[in-house]
Amino acid sequence: MKELLEWNPGWARPGPGGASWRGSGRTASRRISLRSAALVRLYFPCCRNPDAWFNLQGMKDFELYQQILGLVEPWRVESVALKPQEREIEVRVGFADTLWGCPQCQQRMQIHDYEERRWRHLDSCQFKTIIVSRVPNVRCPEHGSQTVAVPWAEKYTRFTRLFERLAIDVMLECSITGACSILGMSWDEADGIKQRAVKRGLARKVPAVMARLCVDEKGMGRGQNYLTIVAQVTEQQTTVEYVGEDRNQASLDAFWETLTTEQLAGVEAVAMDMWEPYVRSTLVHLPGAASKIVHDPFHLVKYMNEAVNEVRKSEHRRLQAQGDDTLKSTRQLWLYGMENVPAKHAQRFDEVKELNLQTSRAWAIKEVFRSFWLCPGAKQAERYFGKWYDWAIRSRLAPVKKVARMCKAHLSNILTFFVHRLTNGPIEGLNNKIQGLIKKAFGYRNKERFKSDIFFHLGGLDLYPAQ
Ligand SMILES: [Zn+2]
């Protein structure tokens, strides 16, 4: 009783609704009588129908819950019990005598059996709210024994639709562990809601034309377990459409094979790294692929950065052997784009890059390569590349020459950039988001879980249970 008074002294007194004590076992349960619409609005923000708030004066507790749950015949709330000790409200739902439809064929038939089940609903105030109901079983001559569908929850779940919606929203914003502590649920329960949401979302997808795609691989940390990721790029967003095991030709073949003829014909451009298995797979499956594959700036500039870094590492080792520390702690400076070097490092960087170092030469070649993407069209770009290539190949810097040769070998699909203009942003953004997921989950040990998290967060799926 004390706890009850602390919770809300205002409506602990028996009211005109005839609130009365009901001893139910060891738990002192009490029927709640709500006195004013204002209180109701304050304590039951979960109500989704504002019209229902009118005329609540004098409404009985179970009528209130009947409205909150949106129950219609034959379902009705039979009782509402408050269990202060468990900090729980138990809403018992029953049903009127009726014939029930088989969930498969809708044929009406008599109840064969019942099964008592419990669902967690949105909290009422800070009280866990549980719906308890006997669910009818019917025995259909065609489909056998079937449990009828309840309107407040999907099949095989212990949560109501509204609770699942909330849990999905919370999990979209924070880690699963965070969601568990906010919602007071176990990791397995939260994960179950998430897996169901992804399954539901994927099942709802309808094949649509995807004009611009990007393909990328994603390593899962040590052991170099790779996934192949295909994303659709639109002006509004980048959504992951496919996640495949590994990063070989078959990994991408499996994606192309899911597309209809119309979808294949609708693909205009596919951005990817110069990774032969992906190129081969695309050439085999996508009509006109030769002019649609785009080796995007994101990957190419990454290669050039790696080459600069290799040159710096070996030069630094050589200089250090002679007691020269010029290149110490400069790793990141060479990797910034020229315009992005932070002000606090600008002076140091200006000094070091003016020295006659192999690293400064490699850096200059990388910077000039970055400007390649600013060419107005394919023709100018081809000329620009020719000049840059001659310079790079005469640089006597092995890592730089290697990247230059690789680019030359793939030049035709680098020049497609100037036709399709698939920019860096979406691919880089997707990469960062996936990296964020890995961080949030403290690395993934389980590939399947990583895959479903990618779809959950980046799939652009309709995750919510049907209303
Ligand atoms: Zn049936």
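**Exercise 1. Determine how strand β11 is covered and which strands pair with it.**

Solution. Step 1: β11 spans residues 226-233, and eight of its eight residues are buried. Buried means under 20% relative accessible area, exposed over 50%, and partly exposed in between, with a 1.4 Å probe and protein chains only. Strands are DSSP runs of E with at least two residues, helices are runs of H or I with at least four, and both are numbered from the N terminus. The model is predicted, so local features need pLDDT of at least 70 and side-chain atom pairs count only at pLDDT 80 or more, while totals for chains, interfaces and linings use all residues. Residues are numbered from 1 along each chain as its sequence is written, and side-chain values use heavy atoms, with hydrogens and water left out.

Step 2: In a regular strand the side chains alternate between the two faces of the sheet. On one side of β11 lie Tyr226, Thr228, Val230 and Gln232, on the other Leu227, Ile229, Ala231 and Val233, and all are buried.

Step 3: Two strands pair if DSSP finds at least two bridges between them. β10 (residues 212-219) is antiparallel to β11, with seven bridges. β12 (residues 238-245) also runs antiparallel to β11, again over seven bridges. Gln232 stands opposite Leu213 and has Thr239 as its bridge partner in β12. Four residues separate β11 and β12, which form a hairpin.

**Exercise 2. Describe the zinc site: which atoms coordinate the ion, and what is the arrangement?**

Solution. Step 1: Donors are N, O and S atoms within 2.8 Å of the metal (3.2 Å for Na, K and Ca); water is not among the atoms, so sites may look incomplete. The zinc ion is coordinated by SG of Cys102, Cys105 and Cys140 and by ND1 of His143, at 2.1 to 2.3 Å.

Step 2: Four donors count as tetrahedral if all angles lie between 85 and 135 degrees. The angles here are 103 to 116°, so the arrangement is tetrahedral.

Step 3: The spacing of the donor residues in sequence is C-x2-C-x34-C-x2-H. Cys102, in the loop between β5 (100-101) and β6 (108-109), and His143, in the loop between β8 (127-140) and β9 (144-147), are 41 residues apart and link distant parts of the chain. Cys102 is buried because its relative accessibility is 0%, whereas His143, at 27%, is partly exposed.

**Exercise 3. Identify the backbone features at Pro74, Gln106 and Cys125.**

Solution. Step 1: The peptide bond from Glu73 to Pro74 is cis, with omega near 5°. Pro74 lies in the loop between α3 (61-69) and β3 (75-83).

Step 2: Gln106 is a residue other than glycine with a positive phi, near 65°. Gln106 is in the loop between β5 and β6 and is exposed, with a relative accessible area of 54%.

Step 3: Cys125, likewise not glycine, has a positive phi near 50°. Its place is the loop between β7 (111-124) and β8.

Definitions and conventions: Four donors count as tetrahedral if all angles lie between 85 and 135 degrees; four count as square planar and six as octahedral if opposite donors are over 155 degrees apart and all others between 65 and 115; anything else is irregular.
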